[in-house]
Amino acid sequence: MRVGGTEGSWLGSAGVHDLASNTPADPDARFRAGSVTKVFTAAMVLQLAGEGRVDLNRPARAYLPDLIPAAYSNVTVRQLLNHTSGIPSVGSPDDSPEYLYAHRFESSDPRDVVREATAQKPDFTPGIKQHYDNIGYTVAGLLIERVTGDAYAHQLATRILRPLHLTHTYVPGADPAIRGPHNHGYQVFTKPDGSAELRDVTVWGAGDTFAAGDLISTTADLERFTRALFTGQVVRGPQLKEMFTLPDASVRDMKTGKPAAYSAGLSTMRLGGHDVWGKTGGRWGYNTAIAATMSPTGALSRTLVYSVNSTDAKGSDMNPTAMHVMIAAFGTPDPA
């Protein structure tokens, strides 16, 4: 983990590289960043908006008429980014870890994922509720490709990775391995006798997440990206404001009924009496986050980037180690 900002900096690591060697964990290791990828995707769409090539108020169907059916003609680009589109999730036939592990090298064409999702009825009228999911960012990634006439991975490299010198961040594509130095990730599996085992899930394809969760990175690269993003070096002006603007107060989470907490690319929570903005991500064996607080002058008071082994990466609750790290960095959650 890395802590930075005007209040000081700190970096450190704990644990082991893998359970077989028991050697110390590599603090410079690469890892699966999961949904932190969404921040990069949102930033690219907002860059295109700043260039006048994308209108956030325009229906996504205007850019992808052959992919988005008429039933979703009112879904705007902004609603894709802030999870208020109403496009339903695309589930797996079986969400058990064993089934997904057995199919870990399979991939899905993002266009097929969108077709499957939009063949269903909307979860709600666009704009009235919020439902966090990958589908909006799958569409957003395809929109980037259509507008630019270029591959998502190449646009990412051209627009963000190379300008910021994020040399250890990349899109793995069909490669299920993590290239370069990396610590192993483990997941708890239930054995036939009911006991639990930790299974190495380091090699696992990311072909089902595309622009919503494919990215591999390091804490150093993500810290550099966080500083650049929050200080207007990646997205500027009104487009940057989109990343720190929640939907209307009447918009509630579809499942919990709580106020909407996701903006375009980021999310927010109150810790230690401050608004903390950032994004978490979870892939099998890896749990990641970027987060920051800003002073009234706009300076970054504190930044945090971490990667921890999540032995229940797809669990409903936040990883306890990750929660302890967040509290250590920013303070305890504010009372409801």
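Predicted model: local features only at pLDDT ≥ 70, side-chain atom pairs only at ≥ 80, totals over all residues.
The largest nonpolar core comprises 66 residues. Within this core, the residues with the most contacts are Phe-40, Leu-81, Ile-160, Phe-225, Leu-229, Val-234 and Met-243. Two or more residues each are supplied by α1 (37–50), α2 (77–81), α4 (110–118), α5 (135–148), α6 (152–161), α7 (219–230), β11 (286–294) and β12 (300–308). Of these elements, α1 gives the most, with nine residues. Apart from this core lies another, of 13 residues, which includes Val-276, Ala-289, Ala-322 and Phe-330.

Helices α1 and α7 pack against each other at an angle of about 35 degrees, and their axes are 12 Å apart. The crossing is left-handed. In the contact, Val-39, Phe-40 and Ala-43 of α1 meet Leu-222, Phe-225 and Leu-229 of α7. By class, six nonpolar residues take part in the contact of α1 with α7, with no polar and no charged residues.

Leaving aside residues up to four places away in sequence, Phe-225 touches Val-39, Phe-40, Ile-160, Leu-164, Leu-166, Val-234 and Ile-290.

Eight aromatic pairs are present in the structure. One of them joins Phe-40 and Phe-225 in a stacked arrangement, with 3.8 Å centre to centre and 10 degrees between the planes. This pair links distant parts of the chain, as Phe-40 in helix α1 and Phe-225 in helix α7 are 185 residues apart. Both Phe-40 and Phe-225 are buried.

A further pair is formed by Trp-204 and Trp-284; the ring centres are 5.1 Å apart and the planes lie at 20 degrees, so this pair is stacked. Trp-204 lies in the loop between β6 (196–200) and β7 (216–217), whereas Trp-284 lies in the loop between β10 and β11, and the two are 80 residues apart. Trp-204 has a relative accessible area of 6% and is therefore buried. Trp-284, with a relative accessible area of 8%, is likewise buried. Ring pairs link Trp-204 and Trp-284 with Tyr-101 and Phe-189 into a cluster.

Gly-272 occupies the loop between β9 (267–271) and β10 (274–283). Because its relative accessible area is 37%, Gly-272 is classed as partly exposed. Not counting residues up to four places away in sequence, Gly-272 touches Phe-330, Gly-331, Thr-332 and Asp-334; Phe-330 is among the residues of the 13-residue core. Gly-272 and Asp-109 are separated by 163 residues in sequence and by 42 Å in space, C-alpha to C-alpha.

Technical notes:
Residues numbered from 1 in each chain as written. Heavy atoms only, no water. Core = buried A, V, L, I, M, F, W, Y, C linked by side-chain atoms within 4.5 Å. Buried < 20%, exposed > 50% of the residue type's maximum accessible area, 1.4 Å probe, protein only. Helix = DSSP H or I, 4+ residues; strand = E, 2+ residues; numbered from the N terminus. Contact = heavy atoms within 4.5 Å. Axes fitted to C-alpha atoms, helices over the stretch in contact; angles between N-to-C directions. Left-handed = near helix turned anticlockwise from the far one by under 90°. Nonpolar A, V, L, I, M, F, W, Y, C, P; charged D, E, K, R; others polar. Phe/Tyr/Trp six-rings, centres within 6.5 Å; stacked < 30°, edge-to-face > 60°.
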